[in-house]
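Please look over the chain shown here before reading the points below.

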Amino acid sequence: MDSFINLRCVAAALLLALGLAAPAAPASADPRQTVPEVWPTPQKITVGHGRLLVPDRVVEVVGPGTDPSARKVVEAALKAAGADRITKVDAGDRPPPSDLTVYLGGPGENSATARTL
């Protein structure tokens, strides 16, 4: 069950980071909600009406191959969404309990991501 929750948190954080990094739509844009661009392209994606509330404390799990630039983007997105304190945990360590745990890097860069997925 925890793996499923963490996987949902990973997906939500990535979508949040991509959404915050995307350029703003022009004022004349269609008011309907569009599907965000996600890489790699998923087999299926739907836009829901729910929201992910980012808590003030977030745990991020990083591996030795996690890209530092990607980490900066994710941290900026989390802070912009309300995170005040981001606790970094190395992939080999057990993350503390958290309302939101973000795994940075794919399975090749972060062994904790592979275990979580």
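1. Lys88 is partly exposed, its relative accessible area being 41%, where buried means under 20% relative accessible area, exposed over 50%, and partly exposed in between (1.4 Å probe, protein chains only). Its side chain meets that of Asp90 in a salt bridge, at 3.0 Å from N to O, the term standing for a side-chain nitrogen of Lys or Arg within 4 Å of a carboxyl oxygen of Asp or Glu. Asp90, at a relative accessible area of 38%, is partly exposed too.

2. A word on the source: this is a predicted model, in which local features need pLDDT of at least 70 and side-chain atom pairs count only at pLDDT 80 or more, while totals for chains, interfaces and linings use all residues. Residues are numbered from 1 along each chain as its sequence is written, and side-chain values use heavy atoms, with hydrogens and water left out.

3. The chain has 3 helices and 3 strands, these being DSSP runs numbered from the N terminus (helices H or I, at least four residues; strands E, at least two). From the N terminus on, their order is α-β-α-β-β-α. Of the 117 residues in the chain, 26% are buried.

4. How many salt bridges does the structure hold? There are 3, and Glu60, Arg71 and Glu75 are linked in a network of them. Glu60 pairs with Arg71, with the closest N and O atoms 2.7 Å apart; this pair links distant parts of the chain, as Glu60 is in strand S1 and Arg71 in helix H2, 11 residues apart. Arg71 also forms a salt bridge with Glu75, where the closest N and O atoms are 3.0 Å apart, and both of these residues lie in helix H2, 4 residues apart, about one turn of the helix.

5. In helix H2, the buried residues are Val74, Glu75, Ala77 and Leu78. They cover an arc of only 160° around the axis, which puts them on the same side of H2; the arc is that of the directions from the helix axis to the C-beta atoms. The face turned away from this buried side carries the exposed residues Pro68, Ser69, Lys72 and Ala80.
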